Amino acid sequence: MSDHLFSPLSIRGTEVRNRVMVSPMCQYSCDGDGLATDWHEVHLGSRATGGAGIVMTEATAVEPRGRISPDDLGIWSDDHAEALAPIADFIAERGATPAIQLAHAGRKASKTPPWDGSVPLQPDEGGWETLAPSAVPYPFDEDEPPVTKQMTDDDIAAVKDAFVTGAERALDAGFEIAEVHAAHGYLLHEFLSPATNRREDEYGGDFEGRTRLVREIVSEVRAVWPDDKPVFVRVSATDWLPDRESWTAEETARLAPLLADAGADLIDVSAGGIHPDQQIPQTGPNYQVRYAERVAEETDALVGAVGGISEPAQADALIRNERADLAIVGREHLRDPYFALHAAEELGADEDVEWPIQYRRAVGN
Ligand SMILES: Cc1cc2nc3c(=O)[nH]c(=O)nc-3n(C[C@H](O)[C@H](O)[C@H](O)COP(=O)(O)O)c2cc1C
């Protein structure tokens with residue numbers, strides 16, 4: 001019998017209870033110090049209570065300059081790990097697998113939260129100089145972008161180290177899956193894409209040079225992450241910039257087996273984010289699934305599909321038809337923290353899930 005949305009997924013020594021993952025989603029709810037707050041505990045805890053197999057944190061910055069906004073989560077000190085530990089514990093206690101997205105925002109850092117316009121923060125407003133492969137700022141429509149610095153060799157070494165120590169701290173905090181964020185126009189994606197990487201050293205130029213930093217970081221994170229626990233990588237399959245030199249689905253297909261060789265167990269396939277001129281050819285249900293299918297053709301690693309997955313039957317069909325191994329659900333989880341439990345009800349898979357005992361009088365089981 002083929003797998004379905006509520007089939008468990010075994011990755012290395014980790015048993016995930018079903019194929020629904022809460023996609024990483026920034027909450028912009030720290031108090032300027034990168035420390036998790038009650039909001040993160042309730043938000044992520046509710047989604048674990050809601051039945052998802054994997055609950056992933058938002059992009060969690062490995063160093064302060066890697067935050068999109070001053071209110072993003074961080075993992076650059078032991079205090080950050082301590083603040084996250086009860087959240088990881090609660091997620092695991094609820095039967096979900098706690099996962100963390102390790103991130104650096106690169107040239108898209110130093111902005112206000114979306115509800116304040118996602119506009120660049122100037123130095124006198126708490127903004128900072130951003131890091132990027134090349135000194136090319138992200139083009140904002142009206143606002144002066146923050147100063148963007150081309151990373152030196154020392155900067156590259158420091159960022160690699162920050163990903164590794166971030167992973168070690170995440171492990172101490174109790175997370176079971178580490179995802180390296182190499183998508184959406186943030187730092188590691190900026191190295192991949194010729195639209196943002198104009199370097200002429202070993203971290204730029206051809207495919208091998210542009211992919212070097214991501215491959216190195218995945219392999220160094222893998223080296224400190226226990227053998228029985230999974231490492232994921234999120235990529236943008238394409239820049240959606242067909243008319244200029246950019247990162248393409250062909251290059252992603254070529255990169256996928258190299259990421260698997262570097263130690264990635266699952267490639268989480270998203271798209272876009274590098275430049276505001278991007279042309280998204282399709283929106284709506286499953287709008288990025290074809291990129292996940294393309295990646296799956298090229299690698300034995302597991303593949304996660306994300307983007308426009310919001311209906312139970314749709315998510316179930318992705319797994320049953322072997323279009324993906326994991327259905328990664330973002331915005332629908334903001335609308336419905338209990339998406340997985342409701343999906344099980346709708347798909348007649350109630351026996352595969354357990355409502356919290358505290359709520360059983362409401363659901364009759
Ligand atoms: C509020 C919000 C915050 C997000 N933050 C992140 C993030 O921290 N890391 C990331 O990789 N993607 C982030 N995304 C993208 C989502 O993870 C997901 O890829 C995207 O929303 C498409 O999936 P959906 O159609 O199910 O929402 C965010 C999306 C939203 C709506």
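## Salt bridges

Arg12, Arg222 and Asp265 are linked in a network of salt bridges. This is a predicted model. A search of the whole structure turns up 19 salt bridges.

Glu251 and Arg210 form one of them, with their closest N and O atoms 2.9 Å apart. The pair links distant parts of the chain: Glu251 sits in helix H6 and Arg210 in helix H5 (residues 207-224), 41 residues apart. Glu251 has 13% relative accessibility and therefore counts as buried. Arg210 is also buried, at 7%.

Arg323 and Glu293 meet through their side chains in another salt bridge, at 3.0 Å from N to O. Arg323 lies in the loop between helix H8 (312-320) and strand E12 (326-329), and Glu293 in helix H7, so this pair ties together parts that are 30 residues apart in sequence. Arg323 is partly exposed, with a relative accessible area of 29%. Glu293 is partly exposed as well, at 27%.

Arg199 and Asp201 form a salt bridge of 2.8 Å, N to O. Arg199 is buried because its relative accessibility is 5%, under the 20% cut-off. Asp201, at 30%, counts as partly exposed.

The structure holds five aromatic pairs. Trp240 and Tyr291 make up an edge-to-face pair, 6.3 Å from centre to centre with 65 degrees between the planes. Trp240 lies in the loop between strand E9 (231-236) and helix H6 (249-262), and Tyr291 in helix H7 (residues 289-298), so the pair ties together parts 51 residues apart in sequence. Trp240 and Tyr291 are both buried.

Tyr338, Trp355 and Tyr359 form one aromatic cluster.

## A buried strand residue

Ile177 lies in strand E8 (residues 177-182). Its relative accessible area is 0%, so Ile177 is buried. The C-alpha atoms of Ile177 and Thr14 are separated by 8.9 Å. Along the chain, Ile177 and Thr14 are 163 residues apart.

## A negative surface patch

Six acidic residues form a negative surface patch: Glu311, Glu345, Glu346, Asp350, Glu351 and Asp352. Of these, Glu346 is found in helix H10 (residues 339-347). Glu346 counts as exposed because its relative accessibility is 55%, over the 50% cut-off.

How values were computed
Residues numbered from 1 in each chain as written. Predicted model: local features only at pLDDT ≥ 70, side-chain atom pairs only at ≥ 80, totals over all residues. Heavy atoms only, no water. Patch = residues over 30% accessible without salt bridge, like charges linked within 9 Å, V, L, I, M, F, W, Y side chains within 5 Å. Areas by Shrake-Rupley, 256 points an atom, 1.4 Å probe, with all protein chains shown as cover. Salt bridge = Lys/Arg side-chain N within 4 Å of Asp/Glu carboxyl O. Lys, Arg positive; Asp, Glu negative; His and termini not counted. Charge placed at Lys NZ, Arg CZ, Asp CG, Glu CD. Helix = DSSP H or I, 4+ residues; strand = E, 2+ residues; numbered from the N terminus. Buried < 20%, exposed > 50% of the residue type's maximum accessible area, 1.4 Å probe, protein only. Phe/Tyr/Trp six-rings, centres within 6.5 Å; stacked < 30°, edge-to-face > 60°.
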